[in-house]
Amino acid sequence: MIRLVLFDIDGTLVRTHGAGVKAFLSAFDHEFKLPCNGVRLSFAGRTDTSLVREFFKLHRREPTREDFDRFFDRYVFLLEHNLQHGKGHIIPGVWEWLEQLAALPQPPLIGLLTGNVRLGAEIKLRHFNCWERFAIGAFADDHEDRDQIAAIAFARGRQLLGPALQPHEVLVIGDTPHDVRCGKSIGARVLAVATGGAKLPELLASQPDWAVNDLLEIRAASVIHA
């Protein structure tokens, strides 16, 4: 039985309609006067910290710790502003799944496994009134590599559930092959949803345990007790 469920955020729980990407690019322009025109970055399934490092390197600049701090101080301010003036929403099926998980006789611990920095994740999920649903999380502040973030999330799950928690008792839910890979890296079971960064055939090719168009297609109990 699944005892720990770890959700990705962007494309899995919520759609911000570009609020995060706009804030990301604007932060470089406002804080560092670095142009974004012509710069191509793939955001889906990436970590915020790795994207910042890549952007600086494209401009032939080796970022310092101070650069990261300056960037994210500006980024979270712009992110909150963009969300307040945007049209984002919770993805269909998410509320239903959270309610189904909570109603189980033995509800699993619910957490986050995301490439967002922690404050960015909190700003997004508070905007959609669901931050409090998640008891634990692992974020881009913890590590730049998504597989390592998964390992940290698993370790934090063990701190709450006990050292007997096994990898096959963990479920990772995400919308890209990156999410599938990082779930597999800790031996977790993976549910892929085609609600964000990848279409269903691409997700199926990454060989998750389950792949659906959205969470409305599958009941939580059928996965938790599989």
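Is Glu122 buried or exposed, and what is its relative accessible area? Glu122 is buried, with a relative accessible area of 16%; buried means under 20%, exposed over 50%, and partly exposed in between, using a 1.4 Å probe and protein chains only.

This report concerns a predicted model, in which local features need pLDDT of at least 70 and side-chain atom pairs count only at pLDDT 80 or more, while totals for chains, interfaces and linings use all residues. Residues are numbered from 1 along each chain as its sequence is written, and side-chain values use heavy atoms, with hydrogens and water left out.

**The sheet**

An open sheet is formed by 6 strands in the order 5-4-1-6-7-8, with parallel pairing. Strands are DSSP runs of E with at least two residues, helices are runs of H or I with at least four, and both are numbered from the N terminus. Two strands pair if DSSP finds at least two bridges between them. At the edges stand strand 5 (136-138) and strand 8 (210-212), each pairing on one side only. Strand 1 (residues 4-7) and strand 6 (residues 170-174) run parallel and are joined by 4 bridges. Within strand 6, Val170 stands opposite Leu4.

**Helices against the sheet**

Helix 6 (residues 146-161) lies across strand 1, strand 4 (109-113), strand 5 and strand 6. Its direction is at about 155 degrees to strand 5, where axes are lines fitted to C-alpha atoms, for helices over the stretch in contact, and angles run from 0 to 180 degrees between N-to-C directions.

In helix 4 (residues 94-103), the buried residues are Val94, Trp97, Leu98, Gln100 and Leu101. They lie on the same side of helix 4 because they cover an arc of only 160 degrees around the axis, the arc being that of the directions from the helix axis to the C-beta atoms. On the other side of helix 4, Ala102 and Ala103 are exposed. The partners of the buried residues include strand 1, strand 3 (89-90) and helix 9; contact means heavy atoms within 4.5 Å.

Arg219 lies in the loop between strand 8 and helix 9 (220-224) and is exposed, with a relative accessible area of 55%.

**Salt bridges**

The structure holds 16 salt bridges, each defined as a side-chain nitrogen of Lys or Arg within 4 Å of a carboxyl oxygen of Asp or Glu. Three of them are listed here.

| Side chains | N to O distance |
|---|---|
| Arg146 and Asp8 | 2.8 Å |
| Lys124 and Asp10 | 2.9 Å |
| Glu122 and Arg126 | 2.7 Å |

Arg146 lies in helix 6 and Asp8 in the loop between strand 1 and strand 2 (14-15), so the pair ties together parts that are 138 residues apart in sequence. Both Arg146 and Asp8 are buried.

The salt bridge between Lys124 and Asp10 links helix 5 (residues 118-127) with the loop between strand 1 and strand 2, 114 residues apart. Lys124 counts as buried at 3% relative accessibility, whereas Asp10 counts as partly exposed at 29%.

Glu122 and Arg126 are 4 residues apart in helix 5, so they are separated by about one helical turn. Arg126 counts as partly exposed at 41% relative accessibility. Salt bridges that share partners join Arg118, Glu122, Arg126 and Glu132 into one network.
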